[in-house]
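Below are some brief notes for a colleague who is opening this entry for the first time. They are meant to be read with the structure in view.

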Amino acid sequence: MTAPGATGEAGATTAEGGPAERRLHPVTPLRRAWAPVAVVAGWAVHDPDGAQRQLARLTTTTLLIALAVIVPAAALYGFCSWWFTHFAVTGTELRIRTGLVFRRTAHIRLERVQAIDITQPLLARVAGVAKLKLDVIGTDKKDELAFLGADEARALRAELLARAAGFAPETAHEVGEAPSRQLLRVPPGVLAMSLVLSGGTWGSLAAALVVPPLLWMATESVWTVLATALPLLGAAGASSVGRFVGEYDWTVGESPDGLRIDHGLLDRAHETVPPGRVQTVRIVEPLLWRRRGWVRVELDVAGSSNSVLVPVAPREIAEAVVTRVLPGVTVPERAALSPSPRRARWCVPLWWRGYGLAVTDAVFAARSGLLRRSLALVPHAKVQSVRMTQGPWERARGVADVHVDTGANKTVTARLRDAAEARELLAAQAERSRTGRRDARPDRWMA
């Protein structure tokens, strides 16, 4: 076993022949020591009246004694949780062992790892440590190692990706981090202007300014106004300042292990778009962005929380990035999207004009929206099922909806198509999906 906080030699073994176990960075106890304090704070927030009564009963001596007990207990908890947490890399899996009384060992098979992200909250950047998050097929929650030294986190990530790609254990640690070529960087000024021109920003701000005064006039209750105003102000901040801080210095780079995304002003994140795991790409075009030719690119990735590829960029540059994440795919031109038939206006007045469909050799492309246009691209190989639905009003007008379901548990719908066209599309898409899965490239790192 390596010394506490030591990086350890990749691929090292113990005297018994098993993989060498490593500990997290020695700064980790400081992070985990907050857990008992958080429990007390949570109780105080949940029952403020009870907390106030209990505090009123405390004398200075009792309070000092309580602090003398709580602080060492928190420190002991942080130290024990760190001391009894180990991880080891074997030839086929990453093992994470935790717990003093109740032991838990997580066995993460490397061939099921599809993304490994490195995040650095502000204080972690100051301390020179980082958090490693692993996206694993079949799990909703990311496993994580927090915290590791920043250099150790990058080296371990490179080693795990190399082993997931099929490199031998004895050579995986020599592969190192794959080189990256920058494809796009979003300037802070462009990001700020895009948020100013976003309808969501102004909508949440208007709600925060209008709703509380109306509630005050109706109820004259301070608590009702505060209970409503604080969430609305939080939503307004999250949609403007929060997004700017989170998407600041957004950079997309291309490497053999996928597209790399770096972003964040305070908390810095280093994410990877897993190759072959992207199920759907959406090109979003808000109304106020159109004069500037800007779009936003969003993703559905199977088993991953990565959902944004490009927060804002000129359409030509964004489409070039899309061709990198979906090799061999060309984004259909607007003229190539066939609209819904005019009789569909009786089903959805006015908004029917926003629907369109194009099916190419590579993708199923469905457009929706008038004010906020969205073009969804689904590679044929990623379609898990296809179905047609018709409501009574749609049957009367001879139109139908065609839905394609992807491996990310999401659905893309081609709305209000001619009923005969929809039936033909249903059969043709099922065949395209079978052919696409047969000819698809393997979903492997560095393939």
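**Notes on the cores, a hairpin and one serine**

1. The largest nonpolar core contains 36 residues, and those with the most contacts inside it are Val-273, Val-278, Val-281, Leu-309, Val-322, Val-325 and Leu-377. At least two residues of this core come from each of β9 (258-263), β11 (278-286), β12 (294-301), β13 (308-314), α11 (315-325), β16 (363-368) and β17 (372-379). Please keep in mind that the model is predicted.

2. Leu-377 shows what such a position touches. Neighbours within four places in sequence aside, Leu-377 is in contact with Gln-279, Thr-280, Val-281, Ile-283, Val-322, Val-331, Pro-332, Val-363, Phe-364 and Ala-365.

3. There is also a second, separate core, of 22 residues; among them are Ala-106, Ile-116, Ala-130 and Ala-153.

4. Strands β19 (residues 399-406) and β20 (residues 411-418) run antiparallel and are joined by six bridges. Val-402 has Ala-414 in β20 as its bridge partner. Four residues lie between the strands of this hairpin, where Asn-409 takes a positive phi near 60°.

5. Is Ser-340 buried or exposed? Ser-340 belongs to the loop between β14 (338-339) and β15 (356-359). Its relative accessible area is 5%, which is under 20%, so Ser-340 counts as buried.

6. A polar atom of the Ser-340 side chain lies 3.2 Å from the backbone oxygen of Arg-415 and 3.1 Å from the backbone oxygen of Leu-416. Not counting residues up to four places away in sequence, Ser-340 touches Trp-352, Tyr-355, Arg-415, Leu-416 and Arg-417.

Methods
Residues numbered from 1 in each chain as written. Predicted model: local features only at pLDDT ≥ 70, side-chain atom pairs only at ≥ 80, totals over all residues. Heavy atoms only, no water. Buried < 20%, exposed > 50% of the residue type's maximum accessible area, 1.4 Å probe, protein only. Polar contact = N/O pair within 3.5 Å; in protein donor to acceptor, adjacent residues only side chain to side chain. Contact = heavy atoms within 4.5 Å. Pairing = 2+ DSSP bridges. Core = buried A, V, L, I, M, F, W, Y, C linked by side-chain atoms within 4.5 Å.
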